[in-house]
Amino acid sequence: ANSYLAFAVLGGLMTLMGLFMLHNILGTLEMDELVNAAAAAPNFAYLLVAGLLVLFGFGVKAGMYPLHTWLPQSYVAAPGPATALLSAILSKAGIFRILVITANVFLHNFTWGMILLVLAVLTMVTGAVLAVFSTNFKRTLACSSMSQIGFILVGIAMQAILGEHNAIAVQGSFLHLLNHSMIKLPLFMVASIIFICMKEFDLNKIRGFGRRKPLLAIITVIPMLGVAGVPLFNGYVSKTLIHESMVEYLAMMPEMNFLAVFFKIVEGLFLFAGGLTLAYMTKIFVAVFVEKNTDSARQAEMDSKKKFASVPVIIALCILVVALPVFGCMPNLLMDPIAAMGDHFANSHGMEHAVNYFSLTNLKGAGVSLAIGVIVYFLFVRGCLMKKNEQGQRVYIDVWPKWLSIEDLIYRPGLLKVLPFAGAFCARIAGSMVDWIIAFFRKILFYKCPDRFVAPLDDNFGTYNGKAKERPIKKGLSFSLLLFGGGVVFALAYLIIATVIVRF
């Protein structure tokens with residue numbers, strides 16, 4: 001909660017400053033007027049700085065790298081229904097806002113697209129790698145959400161890079177936005193069902209829970225196949241469109257240059273992250289539904305839990321899960337009309353022709369990604385992420401270094417140690433300067449009549465040398481309100497001065 005609150009507050013403040021700057025540059029924040037106003041902006045560098053500030057806050061909500069550290073923690077700690085809403089709605093709200101600024105303020109802007117593409121690839125790959133190493137069911141799903149957010153952001157970045165020919169990227173982004181919500185909702189609910197029954201998310205402790213629960217296995221495996229991009233499932237359709245947007249841009253390049261090599265690498269990472277998705281989803285499914293628990297008594301306890309959820313919950317999950325392969329088997333009939341709904345919103349001209357999703361070229365890309373997943377699972381997951389325990393049984397191990405955390409290495413030390421030290425240092429310097437100024441004027445103004453000078457009361461609070469015995473304002477609600485009021489006054493003064501300067 002503390003991590004998310006810190007990210008949310010800092011992200012919100014940076015977004016607010018970015019919106020102030022955007023309004024100052026463009027003269028409006030009305031979405032219908034942003035495209036023309038941004039095209040007429042005189043200073044693109046200033047506009048880019050404002051956009052990056054807004055992107056910071058929206059990226060926090062979306063779980064974009066490197067602002068993602070709150071996401072795995074919050075998803076694991078929150079109750080199951082809350083986690084489902086976090087994944088299906090809250091993160092999508094952040095992506096929606098990134099889509100708004102991309103499609104209106106930075107429409108067809110290559111520079112913005114490249115910045116967003118780099119962050120998207122880092123988000124996509126980092127989330128997939130963390131999910132592969134995780135031994136916690138819910139944390140794996142949380143890291144998977146981060147990775148799939150990266151896939152969506154790749155599509156949004158390609159909208160800006162492709163320019164006017166971005167219809168395939170627009171539709172791929174919108175579809176994967178929808179597909180990910182449909183896929184993760186049942187998976188997080190399955191995780192909640194297991195936790196209600198066993199009070200655990202650790203793969204070694206819930207191992208074998210679903211061995212005699214075929215219905216639960218079907219409810220779980222279908223969305224897993226969808227998010228892995230297996231043909232005939234909905235996730236394959238949206239991932240194919242995003243992948244084809246990169247292939248299309250490569251085809252537009254007249255010759256092989258540095259930029260083409262970069263996009264070849266991005267395409268390879270895209271397929272690699274898709275393969276990792278299959279690897280960690282297979283890891284979860286095999287652990288929960290195929291393997292036996294190392295503790296025979298615990299396995300017997302799990303086998304005895306025949307009723308794992310209420311009938312209304314099971315019916316709702318079945319309806320949602322059945323829709324995934326139905327959409328995947330008839331993409332041109334069912335999914336293309338849904339994708340086309342986002343064309344006008346993203347200022348796209350729409351697709352000129354229907355996509356043949358099951359062509360040999362598109363199936364080849366999916367096949368490469370799935371082959372990577374199979375190799376990673378059997379060679380790395382089974383070979384490096386499992387070891388024998390004292391009884392000689394193979395168990396899952398978490399070999400990810402505990403110290404390798406951006407939040408623990410950079411964010412927390414920076415916010416809790418570096419910034420307070422810098423603020424205290426500046427305050428001490430300022431206080432000492434005031435003492436020096438007073439001493440200087442004493443020497444200048446009263447050098448002829450020192451006996452008439454009345455020295456002020458000794459007060460060392462906040463100065464460099466001394467330390468007050470008692471604080472004039474104690475920390476509490478009044479102190480917080482004082483700081484808040486000062487911030488409001490400062491913000492209003494800034495707005496008034498800025499308005500006067502702009503007008504005159």
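**Close-up views of cavity, pockets, salt bridges and surface patch**

About 170 Å³ of space lies in the largest cavity of this predicted model. The model is a prediction in which local features need pLDDT of at least 70 and side-chain atom pairs count only at pLDDT 80 or more, whereas totals for chains, interfaces and linings use all residues. Residues are numbered from 1 along each chain as its sequence is written, and side-chain values use heavy atoms, with hydrogens and water left out.

View 1. A search of the whole structure finds 1 cavity of 30 Å³ or more. On a 1 Å grid over the protein atoms alone, a cavity is a set of points where a 1.4 Å probe fits but cannot get out, and lining residues have an atom within 4 Å of a point. Grid points are joined across faces, edges and corners, and a volume is the space filled by probe spheres set on the points. The lining of the largest cavity consists of 15 residues, with Lys239, Phe270, Leu271, Gly365 and Ala366 nearest its centre. Two or more lining residues come from each of helix H11 (234–252), helix H12 (258–290) and helix H16 (360–384); helices (H or I, at least four residues) are DSSP runs, numbered from the N terminus. H11 provides the largest share, 5 residues. By class, the cavity lining has 6 nonpolar, 7 polar and 2 charged residues, where Ala, Val, Leu, Ile, Met, Phe, Trp, Tyr, Cys and Pro count as nonpolar, Asp, Glu, Lys and Arg as charged, and the others, Gly among them, as polar.

**View 2. The largest pocket.** A pocket is an open set of grid points with protein on both sides within 12 Å along at least five of seven lines. The largest pocket has a volume of about 540 Å³. Its lining comprises 22 residues, of which Leu130, Arg139, Trp400, Leu404 and Ser405 lie nearest the centre. Helix H4 (70–77), helix H6 (110–133) and helix H17 (406–445) each supply at least two lining residues, and H17 gives the most, with 4 residues. The lining of the largest pocket divides into 9 nonpolar, 8 polar and 5 charged residues.

**View 3. The second largest pocket.** The volume of the second largest pocket is about 390 Å³. Of the 18 residues that line the second largest pocket, Ile168, Glu248, Met351, Glu352 and His353 lie nearest its centre. Helix H8 (167–198), H11 and H16 each give two or more residues to this lining. H11 and H16 also contribute to the lining of the largest cavity. The lining of the second largest pocket has 4 nonpolar, 10 polar and 4 charged residues.

View 4. The whole structure holds 6 salt bridges, each defined as a side-chain nitrogen of Lys or Arg within 4 Å of a carboxyl oxygen of Asp or Glu. Arginine 207 and glutamate 291 meet in a salt bridge (2.9 Å, N to O). This pair links distant parts of the chain, 84 residues apart: arginine 207 is in the loop between helix H9 (203–206) and helix H10 (214–227), and glutamate 291 in the loop between H12 and helix H13 (296–304). Both arginine 207 and glutamate 291 are buried (buried means under 20% relative accessible area, exposed over 50%, partly exposed in between; 1.4 Å probe, protein chains only). Arg207, Glu291 and Arg382 are linked in a network of salt bridges. The side chains of arginine 212 and aspartate 303 also form a salt bridge (4.0 Å, N to O). Here arginine 212, in the loop between H9 and H10, pairs with aspartate 303 in helix H13, 91 residues apart. Arginine 212 is exposed, at 57% relative accessible area, whereas aspartate 303 is buried, at 13%.

**View 5. The salt bridge of Lys205 and Glu200.** The closest N and O atoms of lysine 205 and glutamate 200 are 3.7 Å apart. Lysine 205 is partly exposed at 39% relative accessibility, and glutamate 200 is partly exposed at 23%.

View 6. Met17, Phe484, Val488, Leu492, Tyr494, Leu495, Ile496 and Val500 form the patch, with about 720 Å² of accessible area together. Patches are made of residues with over 30% relative accessible area and no salt bridge, nonpolar side chains (Val, Leu, Ile, Met, Phe, Trp, Tyr) being joined within 5 Å; accessible areas come from the Shrake-Rupley method with a 1.4 Å probe, and for residues only the protein chains shown count as cover. H18 supplies the largest share of the patch, 7 residues. Leucine 492 is found in helix H18 (residues 477–503) and is partly exposed, with a relative accessible area of 47%. Valine 488, likewise in helix H18, is partly exposed at 34%.

Notes:
Patch = residues over 30% accessible without salt bridge, like charges linked within 9 Å, V, L, I, M, F, W, Y side chains within 5 Å.
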